[in-house]
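Subject: Structure handover

Hello,

Here is the structure for you to open. My notes on it follow below.

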Amino acid sequence: MSYPERERNAIIAVSRWPGRPGLLPLFVGLALAGAATFVSGVMGDNPLRAWQTYLINLVFWTGLAAGGVLFSAIQSITHAFWGRPLKRLAEAPGTFLLIAPLLFLVLYAGRSHIFPWINHPVAGKEGWLNAPFLFLRDGFSLLLLGAAALSLIWLSVRRECGQAVAQLPPAADTEGREEGVVVVFAQIYAILYALVLSLIAFDLVMSLSPRWYSTLFGAYYFIGSFYMGLAGLMLLACLAVRKEGMGRYIKALQFQNLGKLMLGFALLTGDFFFTQFLVIWYGNLPEETGFVILRSQFAPWRSLAWTVLAVCFILPFVALLSRRNKVRPWAMFILGSVILVGMWLEKFLLVVPSLWQGQGLPLGLSEVLISLGFFGVMALCITIFLGKFPLLPFADPLLRIEAEEQSTDGGLAR
Amino acid sequence: MHSHVRLQAIFVYLDDLLRALRSLKDRQLTIHAVHSPVPNHEIAALMADRASPVRYITLAGGILGIVTGFSLSVYTAMQWRFLVSGKPPVPRVPYVIESFEFCILFAVLFNVIGLLLLTRLPRFGLPASYDPRVTEDRYSVLVSCTPAQREEISRLLRENGAEEVNVVS
């Protein structure tokens with residue numbers, strides 16, 4: 001038994017992303033405007049401002065992309081049924097990881113602006129904190145993570161490539177063999193995710209204050225990245241259900257479960273922050289407290305720190321307690337956007353106070369334009385990927401088994 | 001004399017039961033209880049017209065726990081003067097942990113107490129409508145209707161696959 005007739009027609013109807021033709025030029029325009037702003041900033045009087053914005057966006061969008069793919073990997077590892085209709089949407093931002101190593105290499109040109117330990121080496125840390133070694137290990141790690149992510153995505157999409165819905169063999173025939181390979185790759189990806197993102201956090205964010213250290217900082221970054229990945233996936237799901245027929249697959253259950261995951265990772269991200277903060281507060285060691293005191297006690301960072309706490313933790317916690325909110329796409333779209341803006345500001349708060357010596361918050365038009373440039377690149381990756389591959393992973397054995405079982409009930413109900 | 005009669009229908013198949021529940025809900029009849037040998041999300045979803053108020057009791061417990069945990073920590077510090085070098089006499093940062101622990105403890109306790117109160121547990125006898133077959137392989141629905149509707153609802157239940165329909169007191 002394969003897909004019932006009614007399901008087949010429904011799948012064919014929703015197999016393409018509801019993108020408008022005018023969007024691609026818009027995203028290209030945003031990417032070019034961001035690139036132009038960045039280049040003019042680097043050539044201008046204050047290149048540090050452009051470089052630090054570039055770094056913030058690199059760690060933000062790389063984390064978001066990696067977090068999205070992790071959702072897909074977790075679905076495979078846990079053999080979950082409920083999230084199968086969301087799998088392709090979660091994989092879409094992962095294509096950004098293809099260009100992340102290239103974007104990382106651009107940082108090499110601005111290394112002396114970004115990494116204070118190049119001009120002022122830290123005694124005893126030269127072996128780790130030196131530019132050639134850092135770019136070599138981080139570049140290689142990002143390549144490895146990108147390769148693992150793309151392998152996982154490829155294994156997922158190749159099932160649909162050249163397959164017509166009507167000609168699929170029964171799900172039970174392919175489930176064990178194909179899904180087993182996907183699970184192995186998903187496990188490899190999940191391990192690499194934790195290792196590579198920890199390294200990125202230590203090297204690209206923590207080393208900006210080279211005397212400060214927190215052993216939990218890597219985990220804090222990769223947990224936060226999954227939180228961002230979930231928020232990004234929520235935005236894509238809200239956009240996807242606007243397409244007629246897609247609501248048949250992405251239903252209240254998917255929104256509610258995704259909302260629960262977001263609540264869980266809002267709590268976990270907040271917990272990882274507090275766990276570091278409490279130990280630093282108790283230990284009261286000057287080399288540890290400086291990083292926190294600068295951000296929590298001094299203007300202009302203090303107000304930003306409270307804003308980040310409210311937007312990334314308190315607001316999502318309160319909003320996501322309600323089941324009703326979780327199943328309202330428009331409410332989740334707003335909340336997901338707010339969380340992503342909050343997490344961008346959190347990256348800003350981690351990076352900029354370590355580098356910026358001027359007065360006031362260096363947050364203006366150039367920062368917005370460079371960030372929009374990165375947004376344009378990410379949106380291009382998503383739009384091209386979803387335009388090329390079916391929106392619904394209809395050949396995924398677990399989605400098919402679900403559809404076959406629920407075919408009498410008019411959709412996927414589990 | 002009661003103005004309503006209570007009908008109990010026994011079902012063998014879940015699909016029949018779900019169809020019957022939908023029909024009863026369409027007629028806006030009061031469904032008093034559904035018994036099932038195993039937990040089932042679809043039955044729960046159909047019966048969840050309004051959320052249980054136990055969540056507010058739990059929330060109240062959680063908030064009371066935060067207040068209690070924080071107050072107890074402050075009171076203890078004031079009474080015993082735990083002065084630690086470099087820290088204020090009443091440090092607020094570590095009190096987050098006590099507040100959190102009390103929040104969870106009180107929320108759980110209030111939840112259990114609320115559940116017991118709202119479901120009027122413990123009960124030391126089975127209700128008259130309870131059929132022991134629902135712990136084996138049958139589903140049951142207890143619904144009330146007016147005496148005039150009795151025949152119509154009985155027929156409706158049977159048409160939807162009820163194995164038997166009985167009037168219970």
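First, a term: a residue counts as buried when its relative accessible area is under 20%. Please keep in mind that this is a predicted model.

Salt bridges

By that cut-off, A:R137 and A:D138 are both buried. The two residues form a salt bridge, with the closest N and O atoms 4.0 Å apart. A:D203 joins them: A:R137, A:D138 and A:D203 are linked in a network of salt bridges.

How many salt bridges does the structure hold over all chains? The count is 12. Two others are described here.

One is in chain A. A:R84 pairs with A:E179, and the closest N and O atoms are 3.2 Å apart. This pair links distant parts of the chain, 95 residues apart. A:R84 sits in the loop between α3 (47–77) and α4 (87–91) of chain A. A:E179 belongs to helix α9 (residues 171–205) of chain A. Both A:R84 and A:E179 are buried.

The other is in chain B. The side chains of B:R138 and B:E163 meet in a salt bridge at 2.8 Å, N to O. B:R138 lies in the loop between α4 (95–118) and β3 (139–145) of chain B, and B:E163 in the loop between α5 (150–159) and β4 (164–168) of chain B, so the pair ties together parts that are 25 residues apart in sequence. Are the two partners buried or partly exposed? B:R138 has a relative accessible area of 17%, so this residue is buried. B:E163 is at 37% and therefore counts as partly exposed.

A buried serine

A:S225 is located in helix α10 (residues 217–240) of chain A. Its relative accessibility is 0%, so A:S225 counts as buried. What does A:S225 touch, leaving out residues up to four places away in sequence? The contacts are A:G63, A:L64, A:G67, A:Y193 and A:L197.

A helix crossing

Now take helix α12 (residues 286–297) and helix α15 (residues 329–355), both of chain A. Their axes come within 10 Å and cross at roughly 105 degrees. Angles of 65 to 115 degrees count as roughly perpendicular, and α12(A) and α15(A) are therefore roughly perpendicular to each other. On the α12(A) side, A:F291, A:L294 and A:R295 make the contact. On the α15(A) side, the contact residues are A:L349, A:L350, A:P353 and A:S354. By type, the residues of this contact divide into five nonpolar, one polar and one charged.

Best wishes

Technical notes: Residues numbered from 1 in each chain as written. Chains lettered and ligands numbered in written order. Predicted model: local features only at pLDDT ≥ 70, side-chain atom pairs only at ≥ 80, totals over all residues. Heavy atoms only, no water. Axes fitted to C-alpha atoms, helices over the stretch in contact; angles between N-to-C directions. Helix = DSSP H or I, 4+ residues; strand = E, 2+ residues; numbered from the N terminus. Parallel < 35°, antiparallel > 145°, perpendicular 65-115°, else oblique. Contact = heavy atoms within 4.5 Å. Nonpolar A, V, L, I, M, F, W, Y, C, P; charged D, E, K, R; others polar. Buried < 20%, exposed > 50% of the residue type's maximum accessible area, 1.4 Å probe, protein only.
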